[in-house]
Amino acid sequence: MTSRIVQTTPIEGQKPGTSGLRKKTAVFRTPGYLENFVQCIFDGTGGAAGKTYVVGGDGRFFNREATRTIIRMAAANGAAGLIVGQNGILSTPAASNLIRKYKTDGGIILSASHNPGGENGDFGVKFNAANGGPAPEKITDAIFAKTLEIKEYKIAEEGAGDIGTLGSFTVGDCKVDVIDSVDDYETLMQELFDFDAISTLFAGGFRICFDAMHAVTGPYATRILEGTLGAPKGSVINAVPSPDFGGGHPDPNPVWAEELVAIMGDDDAPDFGAASDGDGDRNMIMGKGAFVSPSDSLALLTAYAHLAPAYSGKLVGVARSMPTSQAVDLVAERMGIPCFETPTGWKFFGNLLDAGKATLCGEESAGTGSNHIREKDGLWAVLLWLNILARDGRDIVQLRADHWRSFGRNYYSRHDYEEIPTEAAEALMTALRMRLADLPGTTVAGMQVSTADDFAYRDPVDRSLTEHQGVRIVFTDGSRFVMRLSGTGTQGATLRVYLERFVDRSGDHMQDVQVALSPVIAAADTLAEITKHTGRSGADVIT
Ligand code: VG1
Ligand code: CO
């Protein structure tokens, strides 16, 4: 193999955020942009020589071309082998499974996840480590440091081979295995869940609508739900991945998954509704006419996971990101298992899962997962729900109502202010941070502040400290709001305001969520002066 050494210079802004490096597709397509970052992944992790990697992505525009570039670069950098999803397609959870199952040195995942795709959309690259999980900060910091000093990258002169056909080929000394994108993932799901019980459920007339949002989960959900488990044909909608996700926004929440919400609101709605995001790691769960908030879903899954073979008697602990509601804490407390609170982003769950301290993890942003891999997993959450419903027999809406009756309800919502000028967003956060010390004891919009801080996390396994992970203001009645800036956007800043109010077991659980939260919403606006700083009178996206 002849490889070329290309002279290059550092490119500004190649700092990975909450989940990898995300930029406009056009930015990633500028000559050398992808190449620089990929070379820095290798250089920042001790080089690629002799190593093996998994490579694949969510099928968005530029996925295939980027896969081919990475194959040529890995070969030129001396990698021994690559496992590549057919046509460069792998969901994020499927990639995580492959890294673990075939014990590779890591994986490169091409995705900007829930961000829109296409020529004018977003693209992203994420490096996962040998445990299958998103690289922790010490690795992303090392990669970023390399981007500031890079002088050259290596790429094979020859082509990347045929990634459309299953089989193996070599690029120089690097063996490339092109594998079926779904097979290994399906095998794993069969090991975890009671597929017979779920098949019996469908055979008995239970109906599901799974919205793949024109994204990567289409082939996975179609094969497993309609193929293996026997859900009626057509149960999976928007099942064919498209490079621009059908022009949509593949973020599974009630705003962007409006088609599913309409179907589930019908008189003749299916029994269960679900959606997944661009790269297949998120899930949205619905019952007839009812949206199950991701925070509630995590609490319910924790309470009933024992109905699935893999989790029966195996729950050692749970973990949630800090802004996620405290509903799961109540379940963990009753079960007598620990509940960990981590910063936003799946990479913070990695150590807890590796150390056997947590079995289930979740985030308010519709990410749920377990120790079966090291990523959140959309279809896994759907299958766990189906397993639970098949074994429990109750309707999901009833099951949730019974849960609230037993534990109380954590009313919860997230308000996003998108694409605000970065300086305005930072000014808002700085002003709020400056007030923190004086807030406890004061009354805001009729509510008394009990504690106010900027969340810092001491990892219980490696003792690393991660600071400034979001301002949280807790009131004396247990209500709270959290504010932080998003780390996945590609334009301006996105302010996320997370709102929570607890109503106990005997309280009213059937209120409109925004009405129930109105005192907390008012307090957040008063304290942070959102309108003054952003010029916005309300949030852009309320989920
Ligand atoms: C968002 C979510 C976070 C999630 C991350 C990646 O991050 O809030 O919970 O882990 O996206 O999800 P941020 O920094 O924008 O709030 V995915 O499915 O986009 O990889
Ligand atoms: Co995702």
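The legends below describe close-up views of a predicted model.

**View 1. Three domains of the protein chain in the predicted model.** The domain assignment divides the protein chain into domain 1, covering residues 3–181, domain 2, covering residues 185–407, and domain 3, covering residues 409–542. The centres of domain 1 and domain 3, taken over C-alpha atoms, are separated by 36 Å.

**View 2. The interface of domain 1 and domain 3.** Nine residues on the side of domain 1 are in contact with six residues of domain 3, and between them the two domains bury about 590 Å², of which 44% is on carbon and sulfur atoms. Within domain 1, the residues that lose the most area to domain 3 are T18, R22 and K24, which together make up 55% of what that side buries.

**View 3. Polar contacts and composition where domain 1 touches domain 3.** Three residue pairs in polar contact, with both residues at pLDDT 80 or more, are found across the interface of domain 1 and domain 3, whereas the count of salt bridges between these two domains is zero. Strand β2, residues 21–24, contributes three residues, the largest share of the side of domain 1 that touches domain 3. Sorted by class, that side of domain 1 has five charged residues and four polar residues, with no nonpolar residues.

**View 4. The surroundings of ligand 1.** Ligand 1 is surrounded by 20 residues, and the closest of these are T18, S113, H114, T488 and R496. T18 is also one of the residues of domain 1 that lose the most area to domain 3. A polar side-chain atom of S365 lies 2.6 Å from an oxygen atom of ligand 1, and a polar backbone atom of G487 is 2.6 Å from an oxygen atom of the ligand.

**View 5. R282, with ligand 1 and with D251.** An N or O atom in the side chain of R282 is 2.8 Å from an oxygen atom of ligand 1. R282 also forms a salt bridge with D251, in which the closest N and O atoms are 3.3 Å apart; the structure holds 30 salt bridges. D251 lies in the loop between β11 (236–237) and α9 (258–265), while R282 lies in the loop between β12 (272–276) and β13 (283–287), so the pair ties together parts that are 31 residues apart in sequence.

How values were computed. Residues numbered from 1 in each chain as written. Chains lettered and ligands numbered in written order. Predicted model: local features only at pLDDT ≥ 70, side-chain atom pairs only at ≥ 80, totals over all residues. Heavy atoms only, no water. Domains from an automatic or database assignment. Contact = heavy atoms within 4.5 Å. Buried area = accessible area lost by both parts, 1.4 Å probe. Salt bridge = Lys/Arg side-chain N within 4 Å of Asp/Glu carboxyl O. Polar contact = N/O pair within 3.5 Å; in protein donor to acceptor, adjacent residues only side chain to side chain. Helix = DSSP H or I, 4+ residues; strand = E, 2+ residues; numbered from the N terminus. Nonpolar A, V, L, I, M, F, W, Y, C, P; charged D, E, K, R; others polar. Near = heavy atom within 4 Å.
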